[in-house]
Amino acid sequence: MITNHGNRHHQEHSNEIGNSAMSVAVATSLLSYSVHSPRRLRLFKPKPSSISLSISPPKPTQTGVIIIGAGLAGLAAATHLRSKNIPFLLLEASDGVGGRVRTDLVDGFLLDRGFQIFITAYPEAQSLLNYKSLRLQKFYSGALVYYDRQFHTVADPLRHFIDSLGSLSNPIGSVSDKLLIGLTRARVLAKSDEEIFTADEASTMNFLRERGFSDSIISRFFRPFFGGIFFDTQLETSSRLFNFIFKCLALGDNTLPADGIGAIPQQLAANLPPETILLNSRVVSVDFDENSKSKSPIVKLQSGEIIRCEMGVIVAVEEPEAERLLAGKRKMGNRKPPRSTVCVYFTADRDRIPVKEPVLFLNGSGKGIVNNMFFATNVAPSYGPPEKVLVSVSLIGKFEGVEDEDLTAEVIREMSDWFGESTVEGWKHLRTYRIGFAQPNQSPPSDLMKDPTVESGLYVCGDYLTSATFDGALVSGRKAVEALVRDRAVIYV
């Protein structure tokens with residue numbers, strides 16, 4: 001949730017993200033209802049306006065499965081439960097679905113909450129999402145790197161062969177580096193995802209150095225490009241995650257949905273029965289009913305209301321919130337500091353930008369606070385009014401103690417160095433997002449195939465269990481449901 005304190009905007013992250021003989025008969029046989037206040041619970045209603053009914057819906061007090069958190073992981077879990085005819089309730093603390101993957105409409109512009117791109121080759125996403133309905137808009141397969149006060153092209157030779165030939169002699173790495181990129185591509189394409197996720201690992205930085213990449217291409221390209229994906233400019237992130245992303249980039253395109261990145265969770269939610277998604281429903285505790293014969297799980301809401309379930313609870317929130325809810329039930333280990341980012345949006349007239357191409361700009365200079373930027377309306381014109389341009393600038397880190405106004409001023413100064421004062425002077429600041437928990441920290445040692453089972457009847461999902469990607473969140477939701485169904489099959493035999 002974005003709250004406005006004067007000119008400052010902060011994000012409060014929301015609760016995130018078979019067997020026919022085993023399927024619970026029908027949802028209505030398990031649900032009982034009572035009157036409840038509309039201020040506490042709201043049913044999900046798909047876009048266009050982004051949600052919420054103000055009526056007084058009946059409140060279910062029992063169901064088959066309770067999912068806590070309507071981010072990508074929770075929505076994926078709900079999708080798989082529905083496919084198995086298992087009744088469920090999806091409880092979301094905030095006013096909308098999506099978790100970290102949300103889009104706000106501000107003055108006619110679509111503002112994604114932080115820099116986010118969708119890679120079409122994500123395998124789990126391909127099985128769950130309707131790409132055609134998302135109307136995915138492609139980035140240029142490469143980047144423009146700012147170095148030595150000039151822009152230099154880095155291009156995918158299989159998609160932009162002429163551009164890649166012209167870039168062979170530029171200072172963003174040597175010819176040998178560019179050949180090594182081709183070899184790395186061939187290596188990752190020869191491996192399955194499981195082989196990648198279980199391979200020996202190092203930090204991405206050490207991995208690149210061990211493979212023979214020069215300091216120039218690491219600092220001028222890999223650091224800003226993958227640092228922008230991982231929110232980690234030191235490239236401490238596991239080489240397992242690097243290789244998975246590298247493989248997906250080789251197979252697919254970087255894209256944005258025409259209706260914003262939030263269209264992805266909106267699509268998943270729209271395929272679920274609206275009455276199964278309860279918004280503004282913060283969970284404060286998860287326990288087991290010791291007085292019942294089956295010790296069925298119970299969930300308590302902040303409002304004091306209790307919801308029981310027959311089969312189990314799936315906790316699909318961010319790792320810090322999962323730790324709080326599962327205190328004493330699951331050993332979470334020593335959690336590493338999360339990755340953070342700041343995203344600053346500007347608007348400009350269409351004649352006040354230097355390019356029309358849908359290209360990502362990278363800061364390869366090693367100086368300044370800007371890591372990467374792009375003109376969002378060049379990628380997806382639907383992100384803004386016809387006569388205007390949306391500018392998205394990404395910084396890595398929290399920038400605690402620095403006021404939004406000071407950050408904005410420094411970004412404008414750096415962008416003026418990049419593009420010229422006459423181009424940037426007309427840009428108008430639109431909004432700043434500070435994302436404290438942008439991604440879980442997946443530096444080595446990592447385990448990208450964690451067990452979702454806490455105990456029988458209690459499961460977790462989220463990208464911190466798999467890979468810190470959209471795909472990882474979706475995979476984790478499926479795995480949590482698979483674990484629940486396996487456990488119930490054993491219990492009911």
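## Strand pairing, cores and backbone geometry in a predicted model

In this predicted model, strand 12 (residues 142-147) and strand 13 (residues 150-155) run antiparallel and are joined by six bridges. Within this pair, Ala 143 stands opposite Val 154 of strand 13. The two strands form a hairpin with two residues between them, and Asp 148 in that turn has a positive phi of about 55°. Arg 149 also has its place in the loop between strand 12 and strand 13, and, although Arg 149 is not a glycine, its phi is positive at about 60°. The side of Arg 149 open to solvent can be stated too: with a relative accessible area of 62%, Arg 149 is exposed, because the value is over the 50% cut-off for that class.

A further antiparallel arrangement is an open sheet of three strands in the order 10-14-11. Its edge strands are strand 10 (118-119) and strand 11 (136-138), each of which pairs on one side only. Strand 11 is joined by three bridges to strand 14 (residues 254-257), and these two strands run antiparallel; Leu 136 stands opposite Pro 257 in strand 14. In general, the strands of a sheet pair through backbone hydrogen bonds, either parallel or antiparallel.

Arg 135 lies in the loop between helix 4 (131-134) and strand 11. Arg 135 is not a glycine, yet it has a positive phi of about 50°, and with a relative accessible area of 42% it is partly exposed. Most residues other than glycine have a negative phi, and most peptide bonds are trans. The peptide bond from Pro 444 to Pro 445 is cis, with omega near 0°, and Pro 445 lies in the loop between strand 23 (428-439) and strand 24 (453-455).

For the chain as a whole, the secondary structure comes to 16 helices and 25 strands. Buried residues make up 58% of the 493 residues, while the chain exposes about 20100 Å², of which carbon and sulfur atoms supply 51%.

Which residues touch the most other members of the largest nonpolar core? In that core of 99 residues, they are Ile 67, Phe 222, Phe 226, Ile 245 and Ile 314. Leaving aside neighbours within four places in sequence, Ile 314 is in contact with Val 65, Ile 66, Ile 67, Ile 68, Ala 77, Tyr 459, Cys 461, Ala 480, Val 481 and Leu 484. A second, separate core has 26 residues, including Phe 346, Ile 353, Val 359 and Met 415. In soluble globular proteins, nonpolar side chains tend to be buried together.

A search of the whole structure for disulfides finds zero.

| Residue | Relative accessible area |
|---|---|
| Thr 184 | 4%, buried |
| Glu 305 | 9%, buried |
| Arg 339 | 10%, buried |

What surrounds Thr 184, leaving aside its neighbours within four places in sequence? Thr 184, which lies in helix 6 (residues 175-189), is in contact with Phe 213 and Phe 246 when those neighbours are set aside.

Glu 305 lies in the loop between strand 17 (297-301) and strand 18 (306-315). A polar contact of 2.3 Å joins the side chains of Glu 305 and Ser 303. Glu 305 and Ser 281 are 24 residues apart in sequence, and their C-alpha atoms are 9.7 Å apart in space.

Arg 339 is found in strand 19 (residues 339-349), and its side chain is joined to that of Asn 441 by a polar contact of 3.3 Å. Arg 339 is therefore classed as buried on its relative accessible area of 10%, and the polar contact with Asn 441 is made between side chains.

Methods: Residues are numbered from 1 along each chain as its sequence is written. This is a predicted model: local features need pLDDT of at least 70, side-chain atom pairs count only at pLDDT 80 or more; totals for chains, interfaces and linings use all residues. Side-chain values use heavy atoms; hydrogens and water are left out. Helices (H or I, at least four residues) and strands (E, at least two) are DSSP runs, numbered from the N terminus. Buried means under 20% relative accessible area, exposed over 50%, partly exposed in between (1.4 Å probe, protein chains only). A polar contact is a pair of N or O atoms within 3.5 Å; within protein, one must be able to donate a hydrogen and the other to accept it, and residues adjacent in sequence count only if both atoms are side-chain atoms. Accessible areas come from the Shrake-Rupley method with a 1.4 Å probe; for residues, only the protein chains shown count as cover. Two strands pair if DSSP finds at least two bridges between them. A nonpolar core is a set of buried Ala, Val, Leu, Ile, Met, Phe, Trp, Tyr and Cys residues joined through side-chain atoms within 4.5 Å. Contact means heavy atoms within 4.5 Å. A disulfide is a pair of cysteine sulfur atoms within 2.5 Å.
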